[in-house]
Amino acid sequence: MIVVLKNEITAAEKEFLIRFLTDKQFQIREITGETQTVLGAVGKLSIDVREVGLLPGVAEVIPISKPYKMASRQFRPQDSIVSIGAVKIGGSRISVIAGPCAVESREQIMESAWAVKEAGAVMLRGGAFKPRTSPYAFQGMGEEGLKYLKEAGEAIGLPTVSEVVSPGDVEMMSHYVDAFQIGTRNMQNFELLKAVGGAGMPVILKRGLAATIEEWLMAAEYLLSSGTGDVILCERGIRTFSTATRNTLDISAIPVVKELTHLPVIVDPSHAVGIRDKVPSMALASIAAGAHGLIIEVHPSPDKAISDGAQTLWPAQFEKLLRDIEALCPTVGREMARLPERHQQEILQAHLGKSQSPEKPGVAFQGERGANSEQAILNYFPEGDVNPVPMPTFEKLFNAVLTKETAWGMVPLENSLAGSVLENYDLLSRYPDIKIVGEIKIRIQHNLIVLPSAEETDIRKVHSHPQALAQCAQYIAKKGWRTESCFDTAGAAAMVKQEQNIAIAAIASEKAANYHGLKILASSIETNPHNYTRFAVIAHTDTPMPEKADKVSFIITLKSRPGALADCLAVLKKFNVDMTKLESRPIEGKPWSYMFYIDAKLPAAPEDFSAVAQELGDAAEDYRCLGFYRAG
Ligand code: PEP
Ligand code: MN
C-alpha cells in the first residue's frame with residue numbers, strides 16, 4: 001500500500017506510523033516527491049487499510065492493486081533514476097551502454113572500451129559467463145575475463161556490467177563489476193534473482209524471451225524485494241513466429257512498461273534483431289518510443305568476434321549511431337547522458353553526500369518552477385545532482401553566479417523561431433567574471449493546461465507569455481478564446497492554480513502542469529513544431545574549463561577604421577575557424593558603436609586557439625573570450 005503523508009506530519013507521528021507498519025512485518029520505503037512524501041509499504045500480511053488511514057499524520061492510503069508492488073508505478077509515481085558509479089540511468093537522459101558480447105582477451109576488451117568511450121558510451125559491457133545454446137560453444141573467460149573488464153573500465157573511467165548466471169558467482173562478481181546483468185534465459189531463475197537482489201547492487205534485467213510484461217515485472221519484484229533498490233529493465237526481443245530476425249523487438253513494450261512501472265527501461269537492439277545493419281534503426285526507434293537507454297554490442301573487429309559477431313557493430317557504425325541519437329534527442333525532448341565535465345565533477349565532488357536539495361550545488365534560472373529553463377537544467381545535469389534555483393530576473397541570475405550563490409546559471413540565448421535573447425548577450429558582455437561552460441538545446445512544446453476539473457468547453461481565456469501565445473496563435477484562433485499576456489509561461493500555470501477558475505487556461509510546459517498538479521488538455525499545440533531554444537550554461541571564471549570543448553564564443557569591439565570587421569574576420573579565415581554565429585549589439589554609452597558576438601567551431605584544442613586570440617586581439621579594439629565549451 002501507499003501511505004500518503006500529510007505535509008504537516010510531525011516527526012513523532014511519522015515514527016509511530018513506521019513502527020506500526022514494521023511491527024506488522026511491512027517493508028517500508030520513504031519516497032520524497034516534489035510536493036508530497038509517501039511511504040511505500042509492502043508486506044505478506046493482509047491488513048485493513050482503514051486502520052492505517054486513521055493514524056495521525058496520514059492523508060490517504062492507496063492499496064496497490066498490481067501483483068508486483070515495489071516495481072509498480074503506484075508504489076512510486078515519479079521515474080526512478082538508477083545510479084551506477086557516476087552514471088545515472090533514467091529520467092530525461094539517454095544512457096548508452098556498449099561493448100563486446102564477450103570478453104575475449106585483455107587487448108580486445110581494452111580496445112573495445114576506448115572505442116565505445118570515444119564515441120560517447122557511458123558504461124562498458126562484456127560477458128564473462130556466456131549462456132550459450134550449445135555446450136560446445138565458447139562459454140566465456142569466467143573470472144579472468146572479469147579481471148580484464150574491470151581493468152578496462154577503470155582505464156577509461158566508465159562503470160561496467162556483466163552477466164551473472166549462477167547464485168554461487170554473485171559474491172565473486174561483485175568485486176569486479178558495477179552492475180549485474182540477468183540474461184533472458186535466467187529471467188525466471190528465482191534463486192538467481194534472490195541472490196543477485198540480495199547483493200544490493202544495480203541490476204539490468206533482460207526480458208525473458210517468451211515472458212509477458214507481467215512476468216517480467218514480477219521478476220523485477222523478486223530483485224527489489226530481495227534488497228536492491230536499483231533495477232533497470234531491458235527489452236531485448238521476444239520469440240514470435242517470425243524468423244526474419246533473431247527475435248522480434250517488442251517496441252510497444254516500452255510505453256506499456258513505462259506506464260506500469262517507475263523503473264528505467266532500456267533496449268538491446270543487438271540481440272533483438274541479430275543482424276548488424278538493422279541495429280541502428282531499431283536503436284533510434286527505441287529512443288523515439290521512450291527508452292531511457294540502449295545496450296549495444298560493439299567489437300573492434302566484429303568479423304573476428306567469438307560470439308554474436310553478425311549483430312555486433314563496428315566502432316565507426318557505433319559512432320555514427322550515437323551522432324544520430326544526439327540529433328534525435330531534442331526532437332523527442334531528451335538529452336544524451338554524458339560523463340560529467342571537469343567543472344561538474346569538481347563542484348559535485350565538493351557537495352558529495354549532501355542529499356538535501358538546498359545543499360546540492362545550485363543552478364540559477366530565470367522564471368518560476370516548471371519554466372523551460374528548469375527543464376534545460378534537468379536535461380543538462382545528471383538527475384538529482386543539482387538544485388534548480390528560480391530567479392525573478394536575468395540580472396539576478398547573473399549576480400547569483402557572480403557571487404557564487406549558485407554554482408551555475410542556465411540562460412536562454414536564442415530560439416529557433418523568435419531569435420536571440422538579446423538581454424543575455426548584453427549581460428554576458430557586462431559580467432567579465434562569468435563564462436560559458438556548456439550549451440544545450442531543448443525542444444519547446446506548448447501545452448494547454450487547466451484545473452483538473454476543467455474541460456475544453458469551460459475555457460474562456462488563455463494566459464501565457466506573449467511569445468508562447470504567438471506560437472500557438474492558430475490553435476487559439478480556431479477555438480475563439482481570448483488571450484492575456486503574462487510574465488512567463490510557468491507563471492501562467494501558477495496563476496491557473498491560484499485562481500481556481502475553470503474558465504482560465506495557461507500555455508506552459510508539461511513540467512509546469514505536473515508541478516502545480518494541473519491537467520494537460522492538449523499537448524504540443526504550437527503552430528510550428530521546429531521550436532528549439534539554445535541555452536548557455538554559465539559559471540564563475542574560477543571554475544575549470546570543460547575538457548572536450550569544440551566551440552568558442554567571444555566578443556570583439558572594432559577599431560574605428562574602414563574594413564575593421566573584415567580584418568577580424570580575415571583572422572578567422574587565416575586560421576580556418578568556422579564561424580557559426582555573428583550578432584551585433586549596440587555598446588552602452590557609445591551611440592552608434594557596436595560590438596560583435598561570435599560563435600565558432602574550435603579547430604583543435606582550446607590551447608591552440610591562443611594564436612587566433614592573439615591576432616584577433618591585435619586586429620580588434622578589444623577581444624574577450626566568453627568561454628570554450630562543448631556544443632549542445
Ligand atoms: C548478452 O547480453 O550478451 C546476452 C546473452 O543477452 P540475452 O540474455 O538478452 O540473450
Ligand atoms: Mn551477445
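A residue is called buried when its relative accessible area is under 20%, exposed when that value is over 50%, and partly exposed in between, using a 1.4 Å probe and counting protein chains only. By that definition F381 is buried, and W408 is buried as well. The model is predicted, so that local features need pLDDT of at least 70 and side-chain atom pairs count only at pLDDT 80 or more, while totals for chains, interfaces and linings use all residues. Residues are numbered from 1 along each chain as its sequence is written, chains are lettered from A and ligands numbered from 1 in the order in which they are written, and side-chain values use heavy atoms, with hydrogens and water left out.

- Around ligand 1 stand R125, K130, E163, Q181, G183, T184, R185, K206, R236, H271 and E297, where a residue is near a molecule if one of its heavy atoms lies within 4 Å of it.
- This shell has no nonpolar residues, four polar ones and seven charged ones, with Ala, Val, Leu, Ile, Met, Phe, Trp, Tyr, Cys and Pro counted as nonpolar, Asp, Glu, Lys and Arg as charged, and the others, Gly among them, as polar.
- An N or O atom in the side chain of Q181 is 2.9 Å from an oxygen atom of ligand 1, and a polar side-chain atom of K206 lies 2.8 Å from an oxygen atom of the ligand.
- T184 contributes a backbone N or O atom, which lies 2.8 Å from an oxygen atom of ligand 1.

**Aromatic pairs**

- The structure holds nine aromatic pairs, a pair being two rings of Phe, Tyr or Trp (its six-membered ring) whose centres lie within 6.5 Å, called stacked if the planes are under 30 degrees apart, edge-to-face if over 60, and tilted for the rest.
- F381 and W408 form a tilted pair, with 4.6 Å from centre to centre and 45° between the planes.
- That pair joins distant parts of the chain, 27 residues apart, since F381 lies in the loop between helix 13 (372–380) and strand 17 (387–391), and W408 in strand 18 (residues 408–415); helices (H or I, at least four residues) and strands (E, at least two) are DSSP runs, numbered from the N terminus.
- Y425 and Y597 form an edge-to-face pair, 4.9 Å centre to centre with 70° between the planes.
- Y425 counts as buried because its relative accessibility is 3%, and Y597 counts as buried because its relative accessibility is 3%.
- F554, F609, Y623 and F628 are linked by ring pairs into a cluster.

Definitions and conventions
A polar contact is a pair of N or O atoms within 3.5 Å; within protein, one must be able to donate a hydrogen and the other to accept it, and residues adjacent in sequence count only if both atoms are side-chain atoms.
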